[in-house]
Every structure is written in structure tokens, then in C-alpha cells.
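Here are my notes on the model you sent. Please read them beside the coordinates.

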Amino acid sequence: MTHAQGMGESGLAKLIELNAFHAGGDAAMAIGLAGTLFFAVPSGEARGRVALYLLITMAPFAVVAPLIGPFLDRFRRGRRWAIGSTMAVRAFFCWVMAGGVATGALWLYPLVFGCLIASKAHNVTRAAAVPRLLPDGVALVTANSRISLAGSIGAGVVGAAAGGLAYFGPQWPLRFAFVVFAAGTVAAILLPARVDSAEGEEDVRIADIGRRLRGISPSIGLALRANVAFRVLSGFLLMFMAFLLREVPLPGWSATVQVGVVVGAAGAGNLVGTALGALARARRPELVLSVLLGVTAAVAALAATFYGLVTVAVLAFAAGFAQQAGKLSLDALIQHEVPESVRTSVFARSETLIQLAWVVGGGIGIVLPLIPQLGLGLCAAGLAAGLVVVLRTPRGSVSTAVEQPRTPTGAADR
């Protein structure tokens, strides 16, 4: 899978496989920290701690978001080291956390914050590197679909092993995460030299995504807004339902099992969205996004009206599917609409925006009162509003197909 269609020769296969280390290490780290940072403390205290967790995480992103693009542009000839640094930082922090995770000491929290920021920074940095390794004839949406699939496989395999190690104590999954991240650091440094190439690229500031790209196609701005909605929904559901099911569990199963069902459904939806990612290339992306917004809004309304474990699991599946399929549709639009000279820069900026959107959604899920009809109803209303925005876009101003990337014709096109 990773070496097909010339991906082995171009070096993209190594970047795809690297994402298995990235996602697997994050999964092992989450398993090692789950008991200490969430389930092992009283509900009220856990909610306050996670709120602080997201606040401190979101604050750096609010500052870094306008700066991370220019930083990557200056780091173009060192992207391998930038990606490797995000792995090395998490490896070091996991090893340190393994020594104090059993006590639940407060000094763990800054390290967890650092790991989350490094994980998000990895996603942004990797996004800037993907276009440089695309072989001829391979769409960006195809490459990112395989990167996501490799991450899902890595998270599943490493997460299962870390779950077994957790039997001997929470420090062992963290030590395992150290090994995975250390291996990922080496793999990142061994990426092809083309990752560092910046030949023919131009810079685009994050504020230019809405202004300059409007002259190319408004569909990219719409795709960005739709993906922001999907990421806000994903972050919101994770935090809101985790606390809701923990404090007011549904009858029949334990709170831990119910949270596991919801998270598992979201993961399954993400995996299915990745597997069907090729459809984003064969269909009009704006049509795909409209359908996703409408379906998730309807499912959210259904879950709010008939609140139960089954309807919530269906909503989690729909949210995971929409998040992944929407991201692949955005990738297809960027490859088709954006000239190659600025495509890498735009891709990195869009990744920054949607990573920040997840943090914002998680923050809303924490501060909102734990009333299922209120939270799920707001999800339905927000998604419906996003659908209205998409449907009101003039038909003549959006692209009609995404098949091959466009070649820039001159300065006016840029």
C-alpha cells in the first residue's frame, strides 16, 4: 500500500509509514495517562483540570497559528529535523512522565501540554512536506488518505500493545511510547532530502487564505469553514460526551464502557472515511461537504431527540466519518485550485486552522452544562448553519470537478 503508484521511489512511502509511529506513540501515551488525568480523579476536579489543559493548549495555538507558517517557510531546508524534533520532544517527555505518572503529580500537566502541542505541530509540519513527495499521477487526497490509514493502523497496533502493558502499571505504556517516538525520530531524520526542498515555492500568509485565494475559487474558503465545523464537532463530542457519560451514565453499562463505545464509534467512522477517501476525488468536493454537513446535522438532531447510547454512537461515527472525508475533500480542492508555487504554504496554513478548531470545540464541550439535549441540539444547529452557508454559495463560483492539479500559467494566476 505504501509503495504503490511510485510512492516508494518518490519517498512518500517513508512519510506514510512515519505517521504510524506518530499515531501509535500518541495512542500509547494516552493509555498511560488516561487513569491519572481523567478517570482517577473526581468528576468536578477532572473537568477543571481538562479545562485548564485545553486553555493552556489553545493559548499557544492562538499565538502560534499566525506564526507557524512563516516559521515553516524559514525551516524549509530542515523539515526532516523539524518533524524529528516533534518526535524527540514527545519521547523525552514520555520517559520523564513515566517516573511520576503513578503519583498523579501536578508537574505532569506541563509535560502533557508539551506533548499535545508537539503532536499538533507534527501534523502541520508533515502537511507542508507531503506535496514535495507526491509522485506524478498521485492526487494529494490519495496520499493523505493513505497517511491517515497508516496512522489508524499504527494507533490500533501500538494501542493494543500499550493496553496490555498497562496491566503492569501506567508507567509501562509511557515507556513504550518513548520507544515508539524514539524510533519515529530516527525515521523522520531518514526521510528523503526532497522533503527539505523549497524550489519554486512562494509564501502565503495565513490571512491571505481568505483574501488572495478568493480570486482563485471561493470553494476553498467554504471547504475550510466546513472542515472547521467538523473539527469543532469532533472536539466537542469527545469532551462533552466523556464528562456527560461519566457523571450521568446511561443505564445498562458502566461509564467506562459507554465512553469506550462512543470513542470506538468515532474511530470506526474515521477509518471508514479514510478507506472511502478516493470518492472525494471522483465527486465534486463542495457537494461532498454539503452532504456531510446535512447528514451530521440530521444525526445530531436525532441524537438530541432520542438520546441514548445507540444514537450517540451513530453520531460519533458520523462525526468521525465527516471529519476525515471533509479533510480529504479539502485536500482535493487545494491540489486542484491552488497553484503549485503556493500549494505547500496554503496546505500548512489550513492544517493549522483545523487543528485549532478541534481545541476550540473541546473547550466548548467542557464549559457547556451537561444537558444532552442542549449540547447535541447545539451541534445540530451549528451544522445546519454551516450547510446554509454552503448552499447559498453561487453555483457559478465553485469548481465542478477535481481530477488533476492545475498548473499555474503566470503571475496573475498566482
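The points below run from the whole chain to single residues.

1. This is a predicted model, so please treat every value here as computed from it. The chain has 414 residues, and 56% of them are buried.

2. The secondary structure is 15 helices and 0 strands.

3. The accessible surface of the chain is about 16,800 Å². Carbon and sulfur atoms account for 69% of that area.

4. Helix 9 covers residues 218-247. Its 30 residues span 44 Å from first C-alpha to last, close to the 44 Å expected at 1.5 Å a residue. Helix 9 is also mostly covered, with 22 of the 30 residues buried.

5. Look at the nonpolar surface patch made by Met1, Ile153 and Val157. Together they expose about 300 Å² of accessible area. Ile153 sits in helix 6, residues 140-165. Ile153 counts as partly exposed because its relative accessibility is 46%, between the 20% and 50% cut-offs.

6. How many disulfides does the structure hold? There are 0. Cys94 is in no disulfide, and its nearest cysteine sulfur, in Cys115, is 4.7 Å away.

Conventions
Residues are numbered from 1 along each chain as its sequence is written. This is a predicted model: local features need pLDDT of at least 70, side-chain atom pairs count only at pLDDT 80 or more; totals for chains, interfaces and linings use all residues. Side-chain values use heavy atoms; hydrogens and water are left out. Helices (H or I, at least four residues) and strands (E, at least two) are DSSP runs, numbered from the N terminus. The expected span of a helix is 1.5 Å times one less than its number of residues. Buried means under 20% relative accessible area, exposed over 50%, partly exposed in between (1.4 Å probe, protein chains only). Patches are made of residues with over 30% relative accessible area and no salt bridge: like charges are joined within 9 Å, nonpolar side chains (Val, Leu, Ile, Met, Phe, Trp, Tyr) within 5 Å. Accessible areas come from the Shrake-Rupley method with a 1.4 Å probe; for residues, only the protein chains shown count as cover. A salt bridge is a side-chain nitrogen of Lys or Arg within 4 Å of a carboxyl oxygen of Asp or Glu. A disulfide is a pair of cysteine sulfur atoms within 2.5 Å.
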